[in-house]
Amino acid sequence: MPKHSTTAPWVWRVAPAITLAVCVMLTGCNDSSTPTAVQSDFLTDNALTDAMSIEEAVEKLQDADATAPLSLAIEGIIYAGEHDPFQSDSAAFLISELPDPSHGDGSLEHVDNCPFCKRRAESATKALVELRGDDGELIGHTAQKELGVSKGDRLSVEGECTFNPEMNLITIAAKRIHLDR
């Protein structure tokens with residue numbers, strides 16, 4: 001404590017502890033290179049060779065019994081146009097059809113800037129990937145935190161799929177995810 005301080009003496013005793021606590025909270029205390037339990041549960045290094053496009057999955061789901069989920073592997077890109085593809089309160093995110101490699105360079109930048117590709121992407125079926133715990137409930141942390149994914153990542157997802165034609169949306173209860181990095 002400084003010799004001529006007018007501040008209460010207890011402040012000088014707790015200030016270092018408060019400073020340390022704030023620093024730990026701001027920097028975090030876990031190593032981001034260490035896989036989380038969710039990464040271990042869902043991510044696989046093995047490519048999902050039977051993965052199909054979202055369009056192909058819609059066809060299969062429409063041909064199947066609409067009340068029963070179908071186990072499928074679907075490939076896509078984390079993308080929702082102008083919207084955030086990630087739910088802010090749970091480990092769920094939207095994927096879109098992969099950009100057409102025969103038109104443009106296949107990048108999201110091209111999709112956003114080409115009127116043809118942008119219109120196609122906006123009207124295309126999306127897939128909602130949900131990460132659920134052993135209890136069947138959505139995991140309460142974001143997919144970015146749990147999987148280390150971000151907008152523009154290409155991936156394949158295997159899981160139980162249902163199709164909602166009114167919403168033009170496939171929902172995937174993910175079992176395995178392969179990131180195409």
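Reader: Hi! Before anything else, what counts as a helix or a strand here?
Author: Hello! Helices (H or I, at least four residues) and strands (E, at least two) are DSSP runs, numbered from the N terminus. This is a predicted model, where local features need pLDDT of at least 70 and side-chain atom pairs count only at pLDDT 80 or more, while totals for chains, interfaces and linings use all residues. Residues are numbered from 1 along each chain as its sequence is written, and side-chain values use heavy atoms, with hydrogens and water left out.

Reader: Thanks! How many helices and strands are in the chain?
Author: The chain has 6 helices and 5 strands. Starting at the N terminus, their order is α-α-α-β-β-α-α-β-α-β-β.

Reader: Let's look at strand 2. Is it mostly covered or mostly uncovered?
Author: Strand 2 covers residues 92-96 and is mostly covered, with 4 of its 5 residues buried. Buried means under 20% relative accessible area, with a 1.4 Å probe and protein chains only. For the chain, 35% of the 181 residues count as buried.

Reader: And which strands does strand 2 pair with?
Author: Two strands pair if DSSP finds at least two bridges between them. Strand 1 (residues 70-78) is joined to strand 2 by 2 bridges, and the two run antiparallel. Strand 3 (residues 126-130) is also antiparallel to strand 2, with 4 bridges between them.

Reader: How much space lies in the largest cavity, and what lines it?
Author: The largest cavity holds about 130 Å³ of space, a volume being the space filled by probe spheres set on the points. Its lining has 14 residues, with E97, L98, P99, R120 and A121 nearest the centre. Helix 5 supplies the largest share of that lining, 3 residues.

Reader: What about the second largest pocket, which helix gives the most to its lining?
Author: That is helix 5 (residues 115-123), with 3 residues. The lining of this pocket includes Y79, H83, K118 and A121, and the pocket's volume is about 160 Å³.

Methods: On a 1 Å grid over the protein atoms alone, a cavity is a set of points where a 1.4 Å probe fits but cannot get out, and a pocket is an open set with protein on both sides within 12 Å along at least five of seven lines; lining residues have an atom within 4 Å of a point. Buried means under 20% relative accessible area, exposed over 50%, partly exposed in between (1.4 Å probe, protein chains only).
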